[in-house]
Amino acid sequence: MKKKKTILCHTCGGNMVRDTRSDTATYKGRELAIQQPGWYCRDCDEVVFDADDAAVVESAFVKLKTEVDNILPPSEVQRIRRKLGLSQRQAGALLGGGPRSFQKYESGTDWVTKAMANLLRLLDHDPRLLRKLSRNPPDSGPATRRRRSTLRADRQASAANG
Ligand SMILES: [Zn+2]
């Protein structure tokens with residue numbers, strides 16, 4: 001695998017080299033120390049991140065945001081959904097947000113709301129609560145028929161009594 005040892009700095013024209021330096025990710029005043037890989041210019045302050053480099057600061061930012069805002073990180077959303085035995089599509093349909101919402105939550109491209117985070121926390125604590133949400137079977141036919149026969153039985157019972 002050939003990877004260029006240096007790239008040209010687009011700011012000063014000097015050489016940029018691969019390095020990993022101590023840095024700090026900040027969110028709403030909260031700080032997290034990170035070891036930030038990237039291309040660092042030898043001659044000026046310019047820094048360039050490739051996709052993997054950016055993922056380091058991004059994951060630190062996600063960690064900070066979930067702590068500061070008290071919401072669930074993507075890994076927790078995925079863990080709880082799997083614990084409940086739901087596909088991403090099922091989770092979106094049952095818990096709200098739409099068919100693609102959990103795909104976004106779990107890939108980190110969208111944040112769970114506080115309401116969704118709280119709902120997932122409750123379900124994580126007591127997965128049996130899920131049954132309270134999923135009591136709308138689409139086949140209302142048999143239920144209607146059953147109710148009708150029950151009514152008939154009631155009428156027959158009252159006729160017999162009266
Ligand atoms: Zn430079």
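**Exercise 1.** Take helix 3 and work out which residues are exposed on one side and what lies on the other.

*Solution.* Start with the outside: Arg 89 and Ala 93 of helix 3 are exposed (exposed is over 50% relative accessible area, buried under 20%, partly exposed in between, with a 1.4 Å probe and protein chains only). Helices here are DSSP runs of H or I with at least four residues, numbered from the N terminus.

Next, look at the other side. Helix 3 spans residues 88-95, and its buried residues are Ala 91, Gly 92 and Leu 95. Seen down the helix axis, these fall within an arc of 100 degrees, so they line one face (the arc is that of the directions from the axis to the C-beta atoms). An α-helix has 3.6 residues a turn, so residues three or four places apart point the same way.

Now find the cover: it includes helix 2 (74-83), helix 4 (101-107), helix 5 (114-125) and helix 6 (130-133), where contact means heavy atoms within 4.5 Å.

A quick note on the model: it's predicted, so local features need pLDDT of at least 70 and side-chain atom pairs 80 or more, while totals for chains, interfaces and linings use all residues. Residues are numbered from 1 along each chain as its sequence is written, and side-chain values use heavy atoms, without hydrogens and water.

**Exercise 2.** Find what holds the zinc ion and say how the donor residues are spaced.

*Solution.* First, list the donors: Cys 9, Cys 12, Cys 41 and Cys 44 each coordinate through SG, at 2.2 to 2.4 Å. Then read the spacing, C-x2-C-x28-C-x2-C.

Notes
Donors = N, O, S within 2.8 Å, 3.2 Å for Na, K, Ca; no water. Helix = DSSP H or I, 4+ residues; strand = E, 2+ residues; numbered from the N terminus.
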